[in-house]
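I opened my notebook for a new model today. Here is what I looked up, entry by entry.

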Amino acid sequence: MTTKPVVIVVGADKGGVGKTTVSRTLLDYFSANNIPTRAFDTESPRGTLMRFHPDITEIVDMTTTADQMKIFDTLNAASPSVTVIDVRAGLLSPALASLRDIGFLDAAKSGQITFAVFHILGPSIASLDEIAQTANFMQGAKYFLVKNFINDTQFFQWDQATYNSYFHRIKDATELTIPKLNEMAYEQVEVSSVPFLKFVANKGVHDEAANYSFVLRGYVRHWLANVWSEFDRIKLTDLVGSGKSVTRGGEK
């Protein structure tokens with residue numbers, strides 16, 4: 001049985017909201033659940049996602065036809081069942097518009113492709129205006145609104161009533177929360193340039209033994225477990241059609 005391709009777009013119209021961090025947790029999650037995944041990093045020419053997951057990531061310019069073909073013409077041919085696209089800051093709406101223009105959104109609507117959008121919200125009210133724009137493209141897609149506290153300790157500047165008024169405009173949106181990660185731990189992972197999973201396992205870029213701080217590894221392990229429990233809650237593996245319970249690698 002062939003499973004239909006799954007495309008997950010991670011993005012925001014605003015920069016600095018930590019969307020690449022969310023993409024990295026997704027890649028680790030699929031890896032731990034033994035779901036083959038490939039990634040495209042649209043932060044051309046120098047991609048952050050590429051730095052952490054070089055084996056499965058390709059840098060593309062999503063505004064060019066050639067690179068759109070690289071992503072979407074290979075969906076059925078690619079052996080990985082999941083494609084994660086990390087859309088660079090400011091390009092979420094234009095990226096969705098180009099997906100509409102090439103007929104991708106129609107294909108998702110008709111059930112040929114499973115399409116999900118992880119919309120990363122920053123703390124400012126401007127993020128809520130983005131929801132209204134993005135909502136236009138969301139028929140046929142699974143829409144996840146991600147409150148991301150990863151690199152921002154302050155509380156969101158909007159009150160619940162304002163948020164609800166935006167949120168309820170969108171049928172079937174699902175909320176999830178990415179908790180804050182200890183700053184020193186986050187920085188140490190940045191410096192080591194390895195996936196969160198490898199950092200927790202005390203491994204370097206080429207799986208060699210590393211010497212990361214026991215304490216900081218503990219913080220990352222605990223944080224990653226919390227992020228993954230959010231992914232479990234929204235039944236992320238069901239998207240991929242592996243509704244079976246999966247044995248996770250990397251969890252001790």
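I began with Y29, which counts as buried because its relative accessibility is 1%; buried means under 20% relative accessible area, exposed over 50% and partly exposed in between, with a 1.4 Å probe and protein chains only. F30 also counts as buried, at 0% relative accessibility.

A note to myself on the source: this is a predicted model, in which local features need pLDDT of at least 70, side-chain atom pairs count only at pLDDT 80 or more, and totals for chains, interfaces and linings use all residues. Residues are numbered from 1 along each chain as its sequence is written, and side-chain values use heavy atoms, with hydrogens and water left out.

Next I looked up the rings. The structure holds nine aromatic pairs; rings of Phe, Tyr and Trp (its six-membered ring) pair if their centres lie within 6.5 Å, and planes under 30 degrees apart count as stacked, over 60 as edge-to-face and the rest as tilted. Y29 and F30 form one of them, edge-to-face, with 5.9 Å centre to centre and 65° between the planes. For F72 and F104 I noted centres 5.1 Å apart and planes at 55°, so this pair is tilted. F72 belongs to helix α3 (residues 65–72) and F104 to helix α5 (residues 104–109), so the pair ties together parts that are 32 residues apart in sequence. Helices here are DSSP runs of H or I with at least four residues, strands are runs of E with at least two, and both are numbered from the N terminus. F72 counts as buried at 13% relative accessibility, and F104 is buried at 4%.

Which residues do ring pairs link into a cluster? I wrote down Y29, F30, F118, F144, W228 and F231.

Then I turned to D86, in strand β4 (residues 82–86). D86 counts as buried, with 2% relative accessibility. What does its side chain make polar contacts with? I found the side chain of K19 at 3.1 Å and the side chain of S23 at 3.5 Å. A polar contact is a pair of N or O atoms within 3.5 Å; within protein, one must be able to donate a hydrogen and the other to accept it, and residues adjacent in sequence count only if both atoms are side-chain atoms.

Last, I checked the whole protein: 11 helices and seven strands, with buried residues making up 53% of the 252 residues.
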